[in-house]
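Visitor: I have a structure open and would like to learn how to read it feature by feature. Could you walk me through it?

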Amino acid sequence: MAKKLIKEFKIMAPGGKATPAPPLGPVLGANGINPGQFIQQFNATTSKLNRKVVGCILRVFHDPTFELQIKSSPAAVVIR
């Protein structure tokens, strides 16, 4: 049985160095995601990017789980 998708949204955070401090933590909490779990998973996935800002698509499901998909850095970050 497929999981029921409740919400999908995008965020941007520094690769490997994200923290649950504002602005990231409150956005995650308001959308039903445990900030601690997200930060651990995000930092482990993006540890090689070392503070390079990356985009992330988050999908929140009916049960207390989420799925994250890492996207490439925005063009402005790559140009710098």
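Visitor: Where does E8 lie?
Guide: E8 belongs to strand β1. Helices (H or I, at least four residues) and strands (E, at least two) are DSSP runs, numbered from the N terminus. Before we go further, please note that this is a predicted model, in which local features need pLDDT of at least 70 and side-chain atom pairs count only at pLDDT 80 or more, while totals for chains, interfaces and linings use all residues. Residues are numbered from 1 along each chain as its sequence is written, and side-chain values use heavy atoms, with hydrogens and water left out.

Visitor: Is E8 buried, partly exposed or exposed?
Guide: Buried means under 20% relative accessible area, exposed over 50%, and partly exposed in between (1.4 Å probe, protein chains only). With a relative accessible area of 47%, E8 is partly exposed.

Visitor: Which residues does E8 touch, not counting those up to four places away in sequence?
Guide: Contact means heavy atoms within 4.5 Å. On that basis E8 touches I57, L58 and R59, with residues up to four places away in sequence not counted. The C-alpha atoms of E8 and L58 are separated by 5.6 Å, although the two residues are 50 apart along the chain.

Visitor: With which side chain does the side chain of E8 make a polar contact?
Guide: A polar contact is a pair of N or O atoms within 3.5 Å; within protein, one must be able to donate a hydrogen and the other to accept it, and residues adjacent in sequence count only if both atoms are side-chain atoms. Here the side chain of E8 meets that of R59 at 2.9 Å.

Visitor: Now the sheet. What is the order of its strands?
Guide: Strands of a sheet pair through backbone hydrogen bonds, either parallel or antiparallel. As a working rule, two strands pair if DSSP finds at least two bridges between them. This open sheet has three strands in the order β1-β2-β3, and the pairing is antiparallel. At the edges stand β1 (5–14) and β3 (66–70), each with a single partner strand, so one side of each is left without a neighbour in the sheet. From one strand to the next, the twist averages 20°.

Visitor: How many bridges pair β2 and β3?
Guide: Strand β2 (residues 53–61) is paired with β3 over five bridges, in the antiparallel sense. V60 stands opposite F66 in β3, and I57 has Q69 of β3 as its bridge partner. The two strands are joined by a hairpin through four residues.

Visitor: Which helix packs on the sheet?
Guide: Helix α2 (residues 35–45) does, touching β1, β2 and β3. For angles, axes are lines fitted to C-alpha atoms, for helices over the stretch in contact, and angles run from 0 to 180 degrees between N-to-C directions. The direction of α2 makes about 30° with that of β3.

Visitor: And how many aromatic pairs does the structure hold?
Guide: Rings of Phe, Tyr and Trp (its six-membered ring) pair if their centres lie within 6.5 Å; planes under 30 degrees apart count as stacked, over 60 as edge-to-face and the rest as tilted. The structure holds two such pairs. F38 and F42 are stacked, at 5.4 Å centre to centre with 25° between the planes. Both lie in helix α2, four residues apart, about one turn of the helix. F38 is buried at 0% relative accessible area, and F42 is buried at 0% too. F38 also pairs with F66, this time tilted, at 6.2 Å centre to centre and 55° between the planes. F38 lies in helix α2 and F66 in strand β3, so this pair ties together parts that are 28 residues apart in sequence. F66 counts as buried at 16% relative accessibility.

Visitor: Last one: where does T46 lie?
Guide: T46 sits in the loop between α2 and β2 and is buried at 1% relative accessibility. A polar atom of its side chain lies 2.7 Å from the backbone oxygen of F42.
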